[in-house]
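Here is a short report on one protein chain and its ligand. It takes the fold, the strand pairing, the helix packing and the ligand shell in turn.

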Amino acid sequence: MLRPDISVVIPARDEAESLPELYRSIASVLDRLDRSAEVVCVDHGSRDGTFALLQALAARDSRVTVVRLRPGGGKVAALLAGFDRARAAVVITIDADLQDDPEDIPVLLAKLDEGYDVVSGWRRRREDRFLDRRLPSLLANSLIRGVTGSPVHDHGAGLKAYRREVLDAVRPRLFGGMHRFIAVLCEDAGARVTEVAVHHHPRRFGRSKYGLARTWHVLVDLGTVWLTSPRRSPSVGRLGELVVRGRRRGPTGPDHGVSEVVERTDDRHVPGGGGPGCSSRSDG
Ligand SMILES: Nc1nc2c(ncn2[C@@H]2O[C@H](COP(=O)(O)OP(=O)(O)O)[C@@H](O)[C@H]2O)c(=O)[nH]1
Ligand SMILES: [Mg+2]
């Protein structure tokens with residue numbers, strides 16, 4: 001298959017109800033772009049038929065690849081598996097639950113074209129409950145800005161665009177809940193990072209995968225980011241290395257094997273379905 005211009009990576013756990021509509025709107029946006037694209041969906045321990053649904057999409061549309069992970073490792077493991085499969089020089093991540101809006105993808109791409117390496121979505125009007133979601137997020141974001149010096153306002157946004165080489169540079173620091181710190185890690189790696197306002201919608205189907213417990217995880221991850229920043233002194237850096245080694249081996253480490261990959265074997269995109277079937281293989 002030819003290397004596409006853009007890879008869209010979608011982490012999905014128990015999002016079967018949202019995925020048909022998400023696919024339709026992503027496909028409609030990609031059809032209007034003057035660049036070629038692929039969509040890499042990463043399922044992860046879903047129990048609601050997400051995998052079967054993604055398989056059906058991959059059978060209809062040659063741009064869709066499905067990766068299925070063994071449970072564990074969280075959203076970071078899903079993103080890492082998606083990044084490994086993504087072949088394009090530009091990678092876009094978007095949540096599967098219809099809270100992000102695919103119509104914002106061209107806005108992110110236009111910003112990358114201005115010369116940035118990373119464009120982070122900024123949910124200026126976040127459509128989540130105030131007390132247990134928006135308030136903790138506001139506090140976490142200002143803490144992250146204070147501790148790291150990052151100017152980004154909305155670290156937790158799922159909608160982001162990256163140049164491939166930046167993702168390769170930050171890979172060793174991705175584990176635990178580090179998807180929330182990826183903009184900081186990119187800044188540490190010397191990338192030009194910016195943000196653009198994006199739309200955000202209420203969750204219509206399914207449930208959030210996170211509760212208030214994430215506040216504690218954010219604090220631990222923030223401490224790890226601080227310890228492992230290249231801006232720290234060498235002695236702090238050595239302590240950071242030990243922490244990273246331990247955390248990568250722990251239950252939130254990213255080293256969870258890909259159990260199955262489903263992708264089209266032919267080169268053609270078949271709008272509306274039909275054409276050759278999909279292949280399925282086991283990566284152990
Ligand atoms: N593959 C995979 N996706 C996940 C995992 N945890 C969360 N996600 C996906 O990440 C996105 C954001 O999660 P969500 O629960 O909506 O977070 P919230 O918007 O902050 O409440 C959704 O598409 C989820 O399905 C996971 O462990 N594995
Ligand atoms: Mg969500």
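Asp 14 is found in the loop between strand E1 and helix H1 (19-32). This is a predicted model. The phi of Asp 14 is near 55°, a positive value in a residue other than glycine. Most residues other than glycine have a negative phi. Asp 14 is buried, because 20 other C-beta atoms lie within 10 Å.

Leu 98 also deserves a look. Its phi is positive, about 70°, although Leu 98 is not a glycine. Leu 98 sits in the loop between E4 and helix H4 (105-113). Leu 98 counts as buried, because 21 C-beta neighbours lie inside 10 Å.

**The chain as a whole**

The secondary structure comes to nine helices and nine strands. The chain has 284 residues, and 43% of them count as buried. What share of the contacts between residues at least 6 apart in sequence joins residues at least 24 apart? The share is 79%.

**Strand pairing**

Strand E6 (residues 160-163) pairs with strand E4 (residues 90-93). Four bridges join these two strands, which run antiparallel. Within this pair, Val 91 has Tyr 162 of E6 as its bridge partner.

E6 also pairs with strand E5 (residues 118-123). Three bridges hold that pairing, again antiparallel. Tyr 162 is the bridge partner of Val 118. Lys 160 is the bridge partner of Ser 120.

In which sense do E5 and strand E7 (residues 193-198) pair, parallel or antiparallel? They pair in the parallel sense, over six bridges. Here Ser 120 stands opposite Glu 195 in E7.

| Strand pair | Sense | Bridges |
|---|---|---|
| E4 (residues 90-93) and E6 (residues 160-163) | antiparallel | four bridges |
| E5 (residues 118-123) and E6 | antiparallel | three bridges |
| E5 and E7 (residues 193-198) | parallel | six bridges |

How many of the six residues of E5 are buried? Five are, so E5 is largely enclosed by the rest of the structure.

**Helix packing**

Two packed helices are described by the angle between their axes and the distance between the axes. Helix H5 (residues 130-148) and helix H8 (residues 214-228) pack at an angle of about 10°. Their axes are 11 Å apart. Angles under 35 degrees count as roughly parallel, so H5 is roughly parallel to H8.

Which residues meet across this contact? H5 contributes Pro 136, Ala 140, Leu 143, Ile 144, Val 147 and Thr 148. H8 answers with Thr 215, Val 218, Leu 222, Val 225 and Trp 226. The residues of this contact divide into nine nonpolar, two polar and no charged.

Thr 148 is found in helix H5. Is Thr 148 buried or exposed? Thr 148 is buried, because 21 other C-beta atoms lie within 10 Å. Leaving aside residues up to four places away in sequence, Thr 148 touches Val 184 and Val 225. Thr 148 and Val 225 are 77 residues apart along the chain, and their C-alpha atoms are separated by 8.3 Å.

Arg 3 is found in the segment before E1. Arg 3 counts as exposed, because it has 10 C-beta neighbours inside 10 Å. Residues up to four places away in sequence aside, Arg 3 touches Arg 87 and Ala 88. The C-alpha atoms of Arg 3 and Ala 37 are separated by 8.6 Å. Along the chain, these two residues are 34 apart.

**The ligand shell**

How many residues surround ligand 1? The shell holds 18 residues. The closest are His 44, Ala 78, Ala 96, Ser 208 and Lys 209. By class, the shell divides into six nonpolar, five polar and seven charged residues.

Terms used
Residues are numbered from 1 along each chain as its sequence is written. Chains are lettered from A and ligands numbered from 1 in the order in which they are written. This is a predicted model: local features need pLDDT of at least 70, side-chain atom pairs count only at pLDDT 80 or more; totals for chains, interfaces and linings use all residues. A residue is near a molecule or strand if its C-beta atom, placed from the backbone, lies within 6 Å of it. Ala, Val, Leu, Ile, Met, Phe, Trp, Tyr, Cys and Pro count as nonpolar, Asp, Glu, Lys and Arg as charged, and the others, Gly among them, as polar. Axes are lines fitted to C-alpha atoms, for helices over the stretch in contact, and angles run from 0 to 180 degrees between N-to-C directions. Angles under 35 degrees count as roughly parallel, over 145 as roughly antiparallel, 65 to 115 as roughly perpendicular and the rest as oblique. Two residues are in contact if their C-beta atoms, placed from the backbone, lie within 7 Å. Two strands pair if DSSP finds at least two bridges between them. A residue is buried if 20 or more other C-beta atoms lie within 10 Å of its own, exposed if 12 or fewer, and partly exposed in between; C-beta atoms are placed from the backbone.
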